[in-house]
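This report describes one predicted model, going from a single strand pair to the sheets around it and then to the chain as a whole. Please keep the sequence and the structure in view while reading.

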Amino acid sequence: MLGVLITLYFLYSYAGKTSYSTLATGLDPAQTSNWEKTLSSAGIAYKVSTGGTEVDVPASQISNARIALASKGMLSASGTDPFQSFNKSSLGTTDFQQQVQYQQALQNEIASTIEQIQGVNSATVALVMPQDTLFADQASKASASVLVNGGSSLDSGTVAGIAHLVSSAVKGLDSQNVTITDETGALLWPNGSTGGAGNASSKLQADNLYASQLTSQINALLASTLGPNKALAQVHADLNVDQTTMDKVTYAKKGVPLTTQTQNETLNNKGGGSAQLPAGTTSNTTTTPSYAGATSGGANSSSNYKNTTATTTYGVDKTIQHSVVAPGTVNKLDVALMVDQSVPAAQVASLQKSVASLVGLNTTRGDTMAVTRLAFAKTTATTAKTGPLASINPISIAKDAGVGLLALIFLFMMRRALKRREGESSVPSPTWLRELEGGITVAQLEAGQPVPQLPAAVIERRNAVREQVEEIANNSPEAIAAQVAQWMKE
């Protein structure tokens with residue numbers, strides 16, 4: 001009986017389990033992650049199998065799962081090739097139709113590629129392809145717009161990667177002509193670092209990221225020093241995310257010779273007689289100057305002239321320096337440190353110095369630190385009970401407990417009935433059996449007459465018949481059962 005009850009219990013438990021059906025197979029693991037997020041947000045149970053390439057959902061929720069995936073644009077793009085339509089050619093297809101088909105296929109391919117990025121639930125891409133013109137100055141530029149579902153959780157590096165991914169996939173598309181927005185309509189690209197608008201969100205993200213990193217480092221230091229639930233720190237950061245360019249020119253005191261030119265002039269004159277002077281009194285009385293190297297000797301006199309001129313061009317010694325100052329300079333830090341009253345005051349002062357050194361606190365810059373000692377709330381026993389038991393469904397536990405209780409009640413009732421039957425007397429022989437054994441009629445039995453004794457030969461023959469019947473019952477019980485059934489019908 002116990003084995004039967006255990007078997008029934010396991011059959012009931014197996015029948016109560018949820019039956020899962022295959023929703024999709026042959027998925028990419030990155031695509032499977034997006035499917036899991038969508039199904040979880042829709043409240044649909046699922047199982048991932050076959051190495052992350054198969055997703056199973058309960059048979060009763062297949063329709064809801066398909067609707068949830070289709071609303072996010074995931075179901076139609078799974079397992080399909082956007083360029084599959086080009087495998088079949090048609091003679092009636094025009095160039096305009098092929099261009100439209102190519103643009104649609106390219107948009108779907110880029111969208112499916114973006115959806116493989118971690119943190120992106122779905123993506124929609126719209127391209128504006130330029131038309132070929134005769135003159136290059138009259139041609140329009142390619143542009144693209146991308147709507148990313150889940151883009152609010154992406155960092156600036158991932159957004160920049162998506163912009164360059166789209167620009168690299170389209171001919172003649174510059175990354176500055178790509179517009180990326182998230183599901184809330186906020187502009188993610190171009191941002192402040194690329195010369196566009198919308199740098200307020202990037203500054204807020206940079207401030208929060210830097211502050212969270214410092215906060216986690218300080219809390220780790222406090223937990224390792226004081227223990228858990230003894231101190232808590234929070235940091236507010238104000239960063240300068242403006243990107244600036246610096247040009248610097250430095251002049252030296254000494255010039256640098258660039259070019260040098262030297263010019264030599266030589267004149268050699270040999271005497272050939274007395275010089276003929278022009279007519280006139282003045283010219284006859286004027287004395288002729290003599291140059292260096294010239295000799296006067298009448299007809300045999302001669303003169304030598306040599307002149308050297310050197311010209312040097314000097315340049316200014318200067319250094320031109322062009323540098324780009326990266327954003328991220330800290331404008332101000334505000335640190336709030338809360339310590340439990342059980343921590344000694346001397347230890348609090350030491351922790352304050354350690355935290356100030358950790359974050360690089362600079363009072364001249366305007367940084368502040370507020371230290372507060374107060375009584376921390378004590379953790380209750382209920383809040384500490386976390387772990388695997390927290391994920392157990394209480395409804396399933398109650399159902400299993402009810403089944404076990406019913407099994408115990410059934411076993412108790414069966415045991416009580418068996419004990420009651422053990423205490424009862426044996427069942428008397430039926431009347432028809434006494435008639436056969438005693439050889440007396442029913443009327444005599446009802447009148448209360450005593451059963452007469454049969455002769456020994458009759459008793460011996462009756463015993464032999466009984467043995468034959470018992471042998472037949474042992475060898476062919478089905479025949480005896482059929483005969484008894486026939487008697488009961490009659």
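Val48 has Val55 of strand E3 standing opposite. Strands pair if DSSP finds at least two bridges between them, and E2 and E3 (residues 54-58) are joined by three, running antiparallel. Helices (H or I, at least four residues) and strands (E, at least two) are DSSP runs, numbered from the N terminus.

The pair belongs to an open sheet of three strands, in the order E1-E3-E2 and with antiparallel pairing. Strand E1 (20-24) and strand E2 (47-49) are its edge strands, each pairing on one side only. On average, neighbouring strands here are turned by 40° against each other, direction ignored. Helix H3 (residues 62-71) packs on this sheet and touches E1 and E3, with a direction at about 25° to that of E1. Axes are lines fitted to C-alpha atoms, for helices over the stretch in contact, and angles run from 0 to 180 degrees between N-to-C directions.

## Basis of the model

The model is predicted: local features need pLDDT of at least 70 and side-chain atom pairs count only at pLDDT 80 or more, while totals for chains, interfaces and linings use all residues. Residues are numbered from 1 along each chain as its sequence is written, and side-chain values use heavy atoms, with hydrogens and water left out.

Which residues does Thr32 touch, not counting residues up to four places away in sequence? They are Leu27, Val48, Gly52, Thr53 and Val55, where contact means heavy atoms within 4.5 Å. Thr32 lies in helix H2 (residues 29-41). Its relative accessible area is 3%, so Thr32 counts as buried; the classes are buried under 20%, exposed over 50% and partly exposed in between (1.4 Å probe, protein chains only).

Lys47 has its charged end over the ring of Tyr20, 4.6 Å from the ring centre. The criterion is NZ of Lys or CZ of Arg within 6 Å of the ring centre and within 35 degrees of the ring normal.

## The E8-E13-E14 sheet

A further open sheet of three strands has the order E8-E13-E14 and mixed pairing. Strand E8 (231-240) and strand E14 (368-374) each have a single partner strand, so one side of each is left without a neighbour in the sheet. The twist from one strand to the next averages 10°.

E8 and E13 run antiparallel and are joined by 10 bridges; Gln234 stands opposite Ala336 in E13. Strand E13 (residues 329-340) pairs with E14 in the parallel sense over seven bridges. Val335 stands opposite Met369 in E14, and the bridge partner of Asp340 in E14 is Leu374. Helix H8 (residues 345-359) lies across E13 and E14 and runs at about 150° to E14.

Met338 is found in strand E13. With neighbours within four places in sequence left aside, Met338 is in contact with Lys230, Ala231, Leu232, Thr372, Leu374 and Phe376. Between Met338 and Lys230 there are 108 residues of sequence separation and 8.6 Å in space, C-alpha to C-alpha. Met338 counts as partly exposed, at 31% relative accessibility.

Is Thr364 buried or exposed? Thr364 is exposed, with a relative accessibility of 73%. Thr364 is found in the loop between H8 and E14. Thr364 and Lys332 are 32 residues apart in sequence and 10.0 Å apart in space, C-alpha to C-alpha.

## The chain as a whole

The chain has 14 helices and 14 strands. Of its 490 residues, 19% count as buried. The chain exposes about 34300 Å², of which carbon and sulfur atoms supply 56%; accessible areas come from the Shrake-Rupley method with a 1.4 Å probe, and for residues only the protein chains shown count as cover.

Among contacts in the chain with a separation of 6 or more, 68% are between residues 24 or more positions apart. A search of the whole structure finds zero aromatic pairs. Rings of Phe, Tyr and Trp (its six-membered ring) pair if their centres lie within 6.5 Å; planes under 30 degrees apart count as stacked, over 60 as edge-to-face and the rest as tilted.
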